Amino acid sequence: MTNPVLSIDNLQTHFFTRAGVVKAVDNISLSVNAGEILGLVGESGSGKSITGFSILGLVDEPGRIVGGSIKLSGEELIGKPEAALRRIRGGRASMIFQDPMMTLNPVLRIETQMIEAIRAHEKVPRREAWQRARDGLAQVGIPSPEERLKCYPHELSGGMRQRVAIAIAFLNRPEFIVADEPTTALDVTIQSQILAEAQKLCRENRTAMIWITHDLSVVAGLADTIAVMYAGRIVENGPAEAVLRSPRHPYTSGLIKSVPGEHLVGQRLFQIPGMTPSLLKLGEACAFKERCAYQDDACSAAPPISMEGGRACRCFHPLRADTAAQSGGAAKESAP
Amino acid sequence: MLAFLIRRIGQSAVVVLLMATIVFFGVNLVGDPVHMLVSPEADQAEIARVIQQFGLDRPIVEQYWLFLKGAVQGNLGTSFIFGQPAVGLILERLPATMELAVCALVLAVFFGIPLGVYSGIKPKSRVSQVIMAASIFGFSLPTFWVGIMLIMFFSVQLQLLPSTGRGEVGSFLGIDSSLFTLDGLKHIILPATNLALLKMSMVIRLSRAGTREVMQQDYIKFARAKGLSFGRIVWAHLLKNIMIPVITVLGLEFGSLIAFSVVTESIFAWPGMGKLLIDSVLQLDRPVIVAYLMIVVFLFVAINLVVDVIYSLLDPRVSLTGAKS
C-alpha cells in the first residue's frame, strides 16, 4: 500500500453570499498517488475548479474552507498560515489554469515570469534560474527557448502560452499539480500535443496530478483514475477504464453517452435532461434526482456510498455492468 | 520609432498652426489695448502714433502674416507693457512655475498611488473608506479656499511655513531653483500641496479602480499560485498594469498644472507664469497672451508625445512602429 501524495478527506468549501450559503464543495474525498493522474470530471459549476483552488489555499472571499482535511505527503494543509502556504504554492504543489491568454501577465517578459517563480522558492543566482527556465521551456517542447524567454506573452500563440504555463508549473519539481481545464481554450490538434506533453512530464517526474475537465474524451486516454463530480459532491470514482466502460452512477452514464463520436452521423446526440440544480437549494436528497431516470422515493434521502472493487458510487440505484451497457433507452427522454 | 516620431512631429506642427490661428484672431477680437496704453488725457495724434507704433493700423490679415513670420523665427511679438520680447518674459518665469508643477506632481504620485492601491486591495477596510472620503473632498473643495486655509493654519496659526513668495533661489548644475535652498523648500511646501490635492485625489481614484480590476485577473491568481510574495505581486504584476491609465491622465494634468496654476500662484504670490498671464489679460497685453497660449500649446503637444513614448515602454503590446489597428 503506497501512501498517496495528495489525500483529501471530507473537504467542504462554502461561499457565504448574500443569497445564502453555497456549498460549492460538499464533503469530497480524493487521493492521488505519485506519477498518477486523476481526472476530475463534471459540468460547469459542479465545484471542480473550487476543489483545485482549495488545495492550493487560493479560495477568495466570500469563499472559505469550512471543514475536512487536505494532506500533501501526509502534511495537513488546512489551517496552515499564509506564509507557509505561500512556500508550498508553486513549490511542492502548483497549478495550471484554464485560459492561457489570461494567465501570463501581459506586461512582463516570459523570462521574468519564470525566473520569479524559481526565486520565490530558492535563493539561486539569476543566471542559474535563467538556465532552469530555459531547460523548462525546452522540456515542454518549445523550440528555440532562448528567444522565447525574451518574448512577451502576446507574441506567443495560445498553445505556446499554455506550454509556458505548464513549464512554470513544473519548474520547481512539485509533488503535485492541479490542471484546471488547461486544454479547453485550445484547438484539438494543440490539445492532444499538450495532453501528451503533460502526461509525459507527470510520469517522468513522478508528479501526482489532478486534471480537471468537463470533457470525458480528454481524460479517457490520460487519467489513471476518474472522479465524477456533481453539484459539489463526488458521485462516482474508480479506475478510469472501469468507470468509462461500465459507469455505475446514472449521471456518469449520461455523461458518457453525450460524448459525440459513439453516435452515427445524423443521429440525435444524447442529452441529460434538465439543468444543474442551484447549489443554494441543495438538501440531503440526491442532487441528480430531478434529472435521473431511476429516481424513486428513496432518492429524497442522502444516498449511501457503495464500494465495489476499488470503485465508489453515491447512489441508491447503482447501474450494474449489464444494465449500463444497454441503458441508452432507460434514461429519461430529453424532450420536452 | 523614428518614423513614429517624424509622423507625430508633422501632426503636431498642424495642431500648433491651427492653434496659432485661433489664438491670434481670438485675442485680437477682444478689447482695444490702445486705451490701456495711452494716458486718459492723450489727444488723437498721440493715440494714432501709438496705434501705428504697435502696427495696429494694418489689416488684421497682414498682422497675422507678420505674427506667423516672427513665430517661426521664435519671436512671438513684443509686450506692449514691458517693451520686451513676450517669449523672454514668459520663459523668465517658467522655472518658478515648473518647479511648482513638478513638486505638485511628485506629491500627487507619491501619495496618490500607494493610497489608491491600498484602498483597491482592501476596499472594505476602514482606512480605505477614509481615503476615499478624503479624495472626494480633494475633488470638490475649491483650490483657492484650500489655499487660504493652508495659509491660515500653517502660516498664521502655527507660524511654521511662509505664506508668500518663492524664497531664496539656489543654483545647482547651472539650474536656478528654490528647491536647492532650505528657505526655498519651506516656501514651496504650501503652494505645491495646494496644487497637488486635486491631482492626488484623481490619482487615488484611478489607481484604486485599476487595482480592483487588475487584482481580479487570472494572471494575479496565477502569480499567487506560483508562490510569489504579496509584495512581489503588487510591485511587479500590479503596478505596471495600473500605471498605463495613470500616466495618460497625469500627462494631461501636468500640462494643465503648468499652464493653469494661476489660482495657486495668485494666492501664494508665486512669481510664475500664471501670475504674468493674469496681469497681461487685465492689461490687454496681446503679444504676451498670445505667446503664453502658444507656449502652452507647445507644452501639451510635447507632453503628449512623451506620454506615448512612456506607453510603449510600459506596455509591450503598444508598438510605435506605425502599425495601426
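How do the residues of the lining of the largest pocket divide into nonpolar, polar and charged? In this predicted model, in which local features need pLDDT of at least 70, side-chain atom pairs count only at pLDDT 80 or more, and totals for chains, interfaces and linings use all residues, side-chain values use heavy atoms, with hydrogens and water left out. Residues are numbered from 1 along each chain as its sequence is written, and chains are lettered from A in the order in which they are written.

The lining holds 17 nonpolar, 8 polar and 13 charged residues, where Ala, Val, Leu, Ile, Met, Phe, Trp, Tyr, Cys and Pro count as nonpolar, Asp, Glu, Lys and Arg as charged, and the others, Gly among them, as polar. Of the 38 lining residues, A:Val59, A:Asp60, A:Glu61, B:Ile121 and B:Arg224 lie nearest the centre of the pocket. A pocket is here an open set of points on a 1 Å grid over the protein atoms alone, where a 1.4 Å probe fits, with protein on both sides within 12 Å along at least five of seven lines, and lining residues have an atom within 4 Å of a point.

Between the two chains, 26 residues of chain A are in contact with 20 residues of chain B, contact meaning heavy atoms within 4.5 Å. The count between chain A and chain B is 4 salt bridges, each a side-chain nitrogen of Lys or Arg within 4 Å of a carboxyl oxygen of Asp or Glu. B:Lys226 forms a salt bridge with A:Glu116, with the closest N and O atoms 2.9 Å apart.
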